[in-house]
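User: I would like to learn how to read the main features of a model such as this one, going from a sheet to whole chains. Could you take me through it step by step?

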Amino acid sequence: MPPSRISVIDDAGRPVALGQPARRIVSLSPAVTELLFALGAGDRLVGRTTWCDYPPAARQVPSVGDGLNPNIEAVIARRPDLVVLYRSALNETAATQLTRLGIPAVLVRQDRLEDIARAARLLGRLTGAERAGDSLGSELEQLTGSVRPDPEHRVRVVFVAWDNPPVVIGAGSYLDELAGLAGAANVFHDVGSASATVGLETIVARNPDVIVVLRDSATAEPPGFTRRPEWRAVRAVRDGRILYLTGSLFARPNPRAAEAVAEFRRRLEESTR
Amino acid sequence: MRWLGLVVVVACALALAVVLGPAHVPLADLATSDVVRSLRLPRALLAFLVGGSLALAGAGLQALVRNPLADPSLLGLSGGAGLGAVLAIALHVSSPWALPLAAFAGALGAMALVYRLGLVGGAELDPRVLILAGVAVGAFTAAVTTALVSLSDAAELRNAFLWLWGGLSGASWDSVLLLCVYAPLPIAVLLAAARPLDLLALGEEPARHLGADVESVKRRVYVAASLLTAAAVAVSGVIGFVGLVIPHAMRLLWGHRHRPLLPAAFLGGGALLLLSDTVARVAVAPRELQVGIVTALIGVPVFVLLLRRWTAN
């Protein structure tokens, strides 16, 4: 009997074929690392990025550095039979280089929850865990389909990624999606990109109920900008309605989205009480 | 006539900055609006002060080093300010004034280093050495800053560049007040140096023969221009182009005498930054452009026009 070949089309439209389910995988993105562990293929991971911090077991896997514009030599040194990359222009070049060296590489989009659902199915096939991939995929698809249209009662939030100049999250980001699922509305939903520099005046005019601050380290102290005089013009800052999102649960779209939605909803209720 | 024209331009720029904005404020409510009082007005005043300071410092430095390419950012100050700001973020200093203070300290550090390197034989300030030292210090601090940012795990650091590339969104009455208290001294020192700077344009030897205390003038102008730039960078990041081109543009209109040139550069720089910031706030609302892009987009055509008129005569 001929070996059953696995062939898929990745998110950049490139065909990728494997002779057998991947056994030595290098994951070049934190979300893919999480997905592989969620599919029970964590033990096949032989390389990860510096940023892969979840689950804790991922930290035991050797790091190959950055996931964007990766260090190809460090990746090859792990002798992978599959490399999974975040889909971007620079990474397409890296994927081509890897393919030329005989190492199968897939580019996976992972900007929104539906991307993660699709990636779950794709990685399931590539690792021979098709059933787990499909069930995680449909779980995530169900979640994204569960937005209830009750715009009247939505908490209006602004996601502040940086304060000077003010950078906010727009509709292109996963967080905008997360807000919708948690029963809130992003006041900068009209901004199409993932993030954008906006005027403080516009934030004042849109008058959000809650300021959501993104931070990559958990500190007890509120960010300095909430004490800056110009930010006091924003009502939610004056009222101290500030909510912090830290840690890997909110940093990127991931298979724990249902948990993230529940946690965000709980925190929103807390801060508007 | 020219002075009246310049003052009218400044007044119009100020009025536009207060009236226009992404938030809708009816004309009748201008005086009572919170947005105008706590955001637009301080930001407009800060834009004027920063633009004026940069252009005045640029005019002074160009005369001092007798090089038309001299610009406050060429003297290593922006590099030092950037390093200071990035260090403040890396060390998790979360005080609301940490960033501007650290940038100011960094700029002063760079200034002191460049000044020391520029002192030839321990006493005489050599303009050529000053520029080379400035470029060297600037390149070195920029390299250290970039290394810190790219090697760090904190995504927050990447945003430090956003701040560094300049903008007036940190404007508040506090920052306006701070600049109003701080800036008059260096501004006065620069304006008072108008006559010796005229002499210096003839060359250091002739200036000395005509009775100018060349060494002291060079030091005073360098330190005053640096202090002014350091404060501007601290409140608004590095805004390019104003300090380079406004002095040249004003020279084309007012000639090379520094007594009219220096105040004209202050008013012209203030007006350019005011107009540019208004465009940056309004043009792509709700988004905001980087003001440095706009200063170049508005300033270059105006400058080219003046240059054409001047070369045609």
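Analyst: A definition comes before the sheet: two strands pair if DSSP finds at least two bridges between them. The model is a predicted one, and in chain A of this model 4 strands form an open sheet with parallel pairing, in the order 4-3-5-6.

User: Which strands of chain A are the edge strands of that sheet?

Analyst: An edge strand pairs on one side only, and here that applies to strand 4 (45-47) and strand 6 (105-108) of chain A. From one strand to the next, the twist averages 30°.

User: Over how many bridges do strand 3 and strand 4 of chain A pair?

Analyst: Strand 3 (residues 25-27) of chain A pairs with strand 4 of chain A over 2 bridges, in the parallel sense. Within that region, V26(A) stands opposite G47(A), which belongs to strand 4 of chain A.

User: Which strands does helix 1 of chain A touch where it packs on the sheet?

Analyst: Helix 1 (residues 30-38) of chain A touches strand 3, strand 4, strand 5 (82-86) and strand 6 of chain A as it packs on the sheet, and its direction makes about 135° with that of strand 3 of chain A.

User: Moving up a level, into which domains is chain A divided?

Analyst: Domain bounds come from an automatic or database domain assignment, and for chain A they give domain 1 (6-144) and domain 2 (151-272). The C-alpha centres of domain 1 and domain 2 of chain A are 29 Å apart, and the contact takes 17 residues from domain 1 of chain A and 11 residues from domain 2 of chain A.

User: Which elements give two or more residues to the side of domain 1 of chain A that touches domain 2 of chain A?

Analyst: Those elements are helix 1, helix 4 (113-126) and helix 5 (130-144) of chain A. Helix 1 of chain A gives the most to this side, with 5 residues, and the residues of the side of domain 1 of chain A that touches domain 2 of chain A divide into 11 nonpolar, 1 polar and 5 charged.

User: How is the size of an interface often given, and how many residues of chain A are in contact with chain B?

Analyst: The size of an interface is often given as the accessible area lost when the parts come together. Counted by residues, 29 of chain A are in contact with 32 of chain B. On the side of chain A that touches chain B, the elements that give two or more residues are strand 8 (166-169), strand 10 (195-197) and helix 7 (200-206) of chain A, and the largest share, 5 residues, comes from helix 7 of chain A. The residues of that side of chain A divide into 15 nonpolar, 8 polar and 6 charged.

User: How many helices and strands does chain A have, and why is chain A described as compact?

Analyst: Chain A has 10 helices and 12 strands. Its radius of gyration is 20 Å, close to the 19 Å that the globule rule gives for 273 residues, so chain A is as compact as a globular protein of that length. Along its principal axes the C-alpha trace of chain A spans about 70 × 35 × 30 Å, and buried residues make up 46% of its 273 residues.

User: How many helices and strands are in chain B, and what is its radius of gyration?

Analyst: Chain B contains 14 helices and 2 strands. The radius of gyration of chain B is 20 Å, close to the 20 Å from the globule rule for 313 residues, so chain B is as compact as a globular protein of that length. Of the 313 residues of chain B, 50% count as buried.

Key:
Residues numbered from 1 in each chain as written. Chains lettered and ligands numbered in written order. Predicted model: local features only at pLDDT ≥ 70, side-chain atom pairs only at ≥ 80, totals over all residues. Rg over C-alpha atoms; globule rule 2.2 N^0.38 Å. Buried ≥ 20, exposed ≤ 12 C-beta atoms within 10 Å, placed from the backbone. Contact = placed C-beta atoms within 7 Å. Nonpolar A, V, L, I, M, F, W, Y, C, P; charged D, E, K, R; others polar. Axes fitted to C-alpha atoms, helices over the stretch in contact; angles between N-to-C directions.
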